[in-house]
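Try each task first, then compare your steps with the solution.

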Amino acid sequence: MLELFRNKIIDGMKQQKKWRVASFILNNQKTLRDMGLDFVVRKVQEPLLGVFGGRVRLLIAGGAATKPEVENFYESLGLAFIQGYGLTETVGPICISKPTNKRLPYSVGAPTSNNECEIRDKDENGVGILWVRGHQVFNGYLNNDEVNATVFDEKGFFNTGDMMYMDKNGELLFAGRKNQVMVLDSGKNVHPDESEALFMEIEGVKNVAVFEHKVGDKTVAYGVFQVKDGMTMEKLAAAVAEANKKVASYKWVTHFAMTTEDLPMTSTQKIKHHEVRKNLIDGKYPDRKE
């Protein structure tokens, strides 16, 4: 919903040919304020905040992780942004970020009161499985002792199945679902969410799904990009190659496909990776060969 509002606002300003100037002012507001031009920043911010009634000061997001460019847009308007994390099994958010801290992308903050989190089975990058315990965590799946025995430990901690790591401030950052972690031929683990966040910064990319896929006799990280009209395979290839330089070479995505059609999503706007992969196998997405 927040992404929809943001896109509608930007599209409206583009139609009025105001967005280029407005985005420059919002992106350089600190410098403008240091120059004593605070009134210029306010002149851009106030009409945009008026869309929400003019009194909004804080936004809270849950469900699917908010894309960094969406969060940055609202912060440029002077709004604090909070991201929550939870599961059906935790009856709502069990972690929440602080509005006073500038969050890293996909940070979900720290546990709420009377809840505990542990990261177990960490890899060399500190990424592991999140286990939670507390007054919000459910007692177990009804009439399913076999599953309950696998998802709860002897101390009452629940296995969320989500991969997390912790920053220097003690806040958790989401790295993906355990069952979506890609294990490449090299034995290295690659987390789709990290790659997807990187590629979402590419101009002209509306959405992207990264998953483990077999190309020939190799298991690779494969991307399917939903793009805007006007994007070509050549432009996308150049942008992907440039984005790959920001991460270790074993995380590079060099095999990918492109489509202008919407990628299949859940009701909470999470990509259905298994459906995207099936569509790819069925030949619904034109791909790029090495």
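**Exercise 1.** Find which helix gives the most to the lining of the largest cavity, and sort the lining residues by type.

*Solution.* 
Step 1. Helix α7, residues 192-199, gives the most to that lining, with 4 residues. Helices here are DSSP runs of H or I with at least four residues, strands are runs of E with at least two, and both are numbered from the N terminus. The model is a predicted one, in which local features need pLDDT of at least 70 and side-chain atom pairs count only at pLDDT 80 or more, while totals for chains, interfaces and linings use all residues. Residues are numbered from 1 along each chain as its sequence is written, and side-chain values use heavy atoms, with hydrogens and water left out.

Step 2. List the lining: Glu194, Ser195, Leu198, Phe199, Asn244, Val247, Lys251 and Val253. A cavity is a set of points, on a 1 Å grid over the protein atoms alone, where a 1.4 Å probe fits but cannot get out, and lining residues have an atom within 4 Å of a point.

Step 3. Sort them: 4 are nonpolar, 2 polar and 2 charged. The nonpolar class holds Ala, Val, Leu, Ile, Met, Phe, Trp, Tyr, Cys and Pro, the charged class Asp, Glu, Lys and Arg, and the others, Gly among them, are polar.

Step 4. Check the volume: the largest cavity holds about 40 Å³ of space, and the structure has 1 cavity of 30 Å³ or more. Grid points are joined across faces, edges and corners, and the volume is the space filled by probe spheres set on the points.

**Exercise 2.** Which residues have the most contacts inside the largest nonpolar core, and which elements give two or more residues to this core?

*Solution.* 
Step 1. The largest nonpolar core has 22 residues, and Phe199, Phe225 and Leu236 have the most contacts inside it. Such a core is a set of buried Ala, Val, Leu, Ile, Met, Phe, Trp, Tyr and Cys residues joined through side-chain atoms within 4.5 Å. Buried means under 20% relative accessible area, exposed over 50%, and partly exposed in between, with a 1.4 Å probe and protein chains only.

Step 2. Two or more residues each come from α7, β11 (205-215), β12 (218-227), α8 (233-244) and β13 (255-259). Of these, α8 gives the most, with 5 residues.

Step 3. Look around Leu236: beyond four places in sequence, Leu236 touches Val205, Phe225, Val227, Met231, Phe256 and Met258. Contact means heavy atoms within 4.5 Å.

Step 4. Another core, of 21 residues, lies apart from this one, and Ala22, Ile25, Leu49 and Tyr74 are among its members.

**Exercise 3.** Which residues of helix α5 are buried, and what covers them?

*Solution.* 
Step 1. In α5 (residues 68-76), the buried residues are Pro68, Val70, Glu71, Phe73, Tyr74 and Ser76.

Step 2. Their cover includes α1 (2-15), α2 (19-27), α3 (29-34), α4 (38-50), β1 (58-61) and β2 (80-87).

Step 3. Just after α5, Gly78 takes a positive phi of about 95 degrees. Gly78 is also one of the residues touched by Gln45, which is found in α4 and is buried at 8% relative accessible area.

**Exercise 4.** Is Val190 buried or exposed, and what is in contact with Val190?

*Solution.* 
Step 1. Val190 is found in strand β10, residues 189-190, and counts as buried at 1% relative accessibility.

Step 2. Leaving aside neighbours within four places in sequence, Val190 is in contact with Val181, Met182, Leu184, Ser195, Tyr250 and Lys251. Two of these partners, Ser195 and Lys251, also line the largest cavity.

**Exercise 5.** Where are Lys17 and Val91, and are they buried or exposed?

*Solution.* 
Step 1. Lys17 is found in the loop between α1 and α2, with a positive phi of about 60 degrees although it is not a glycine. Lys17 is exposed, at 77% relative accessible area.

Step 2. Val91 is in the loop between β2 and β3 (92-96), and its phi is near 50 degrees. Val91 is exposed as well, at 63%.

Definitions and conventions. 1 Å grid on protein atoms, 1.4 Å probe; cavity = no way out; pocket = protein on both sides within 12 Å on 5 of 7 lines; lining within 4 Å.
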